[in-house]
Amino acid sequence: MSKQAPHFWFEWILSSLEEGKEVALTAKGWSMWPTVKPGSELKLKKIPVEEIEVGDAIAFIRGEHFVVHRVEKIAQENPRKIITRGDANLRFDEMVSIENYCGKVLHPTLNPAPQITQRLFAYLFQLFEINWVRAKKIPSLLKRDSEF
């Protein structure tokens, strides 16, 4: 069996959502932590953009990636523009339009968005977590470099 290119899967997921199918994705990033942890399975379904409300988690396209963030504001009614932000992020994303909207997260049902203090804690935790992973590699790197 040949390995499919990432672009193939991206297009397949988009077409499945357009057909009204429910699609499962695995979260990879930290931007929705602690609500969504990396490795969590998210089920998406395309519902009409008019039914999206503040507080919902939606998926949208950024480049050739899916991003799942929470709706913070709905800017305009026609054409509808949505402003999102990850639960761990301190700033808003670019506006989500009908063209790059993919679907709504159906499962798991997400808790309400965290307050600013929780967002700051999440941001600091991310910095600590990333640097801790890097720091754990230092002894093996030192050992490897001392062999030369």
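**Notes on His69, the sheet and the aromatic pairs**

1. Let's start with His69, which you'll find in strand E4. Strands here are DSSP runs of E with at least two residues, helices are runs of H or I with at least four, and both are numbered from the N terminus. His69 is buried, at 2% relative accessible area; buried means under 20%, exposed over 50%, and partly exposed in between, using a 1.4 Å probe and protein chains only.

2. A word on what you're looking at: this is a predicted model, where local features need pLDDT of at least 70 and side-chain atom pairs count only at pLDDT 80 or more, while totals for chains, interfaces and linings use all residues. Residues are numbered from 1 along each chain as its sequence is written, and side-chain values use heavy atoms, with hydrogens and water left out.

3. Back to His69 and its surroundings. Setting aside neighbours within four places in sequence, His69 is in contact (heavy atoms within 4.5 Å) with a list of residues including Ser31, Met32, Asp56, Phe60, Arg85 and Asn89. The side chain of His69 also has a polar contact of 2.4 Å with the side chain of Asp93. For a polar contact, two N or O atoms must lie within 3.5 Å; within protein, one must be able to donate a hydrogen and the other to accept it, and residues adjacent in sequence count only if both atoms are side-chain atoms. A polar atom of the His69 side chain lies 3.5 Å from the backbone nitrogen of Gly86. As for Ile83, 14 residues away along the chain, its C-alpha atom is 9.5 Å from that of His69.

4. Now zoom out. The protein has two helices and six strands, and along the sequence they follow the pattern α-β-β-β-β-β-β-α. Of the 148 residues, 33% are buried. Among contacts with a separation of 6 or more, 55% come from residues 24 or more positions apart.

5. How are the six strands arranged in the open sheet? Their order is E1-E2-E6-E3-E4-E5, with antiparallel pairing; two strands pair if DSSP finds at least two bridges between them. Strand E1 (23-26) and strand E5 (80-85) are the edges: each has a single partner strand, so one side of each has no neighbour in the sheet. From one strand to the next the twist averages 50°, with axes fitted as lines to C-alpha atoms (for helices, over the stretch in contact) and angles running from 0 to 180 degrees between N-to-C directions.

6. E2 meets E1 in the antiparallel sense over four bridges, and Glu41 in E2 is the bridge partner of Thr26. Val23 stands opposite Leu44 in E2. E2 also pairs antiparallel with strand E6 (residues 101-107), over three bridges, and there Leu44 stands opposite Val105.

7. What do the two faces of E2 look like? Leu42 and Leu44 make up the covered face, while Glu41, Lys43 and Lys45 are on the uncovered one. As a rule, side chains in a regular strand alternate between the two faces of the sheet.

8. On to the rings: the whole structure has three aromatic pairs. Rings of Phe, Tyr and Trp (its six-membered ring) pair if their centres lie within 6.5 Å; planes under 30 degrees apart are stacked, over 60 edge-to-face, and the rest tilted. Trp9 and Trp12 have ring centres 5.8 Å apart and planes at 85°, so that pair is edge-to-face. Both sit in helix H1 (residues 6-18), three residues apart, or about one turn of the helix. Trp9 is partly exposed at 43% relative accessibility, and Trp12 is partly exposed too, at 45%.

9. Phe10 and Phe66 form a tilted pair, 4.8 Å centre to centre with 40° between the planes. Phe10 is in helix H1 and Phe66 in strand E4 (residues 65-77), so the pair ties together parts 56 residues apart in sequence. Phe10 is buried, with a relative accessible area of 8%.

10. Last stop, the loop between E5 and E6, where Asp87 lies. Is Asp87 buried or exposed? Asp87 is buried, with a relative accessible area of 0%, and a polar contact of 2.6 Å joins its side chain to that of Thr35.
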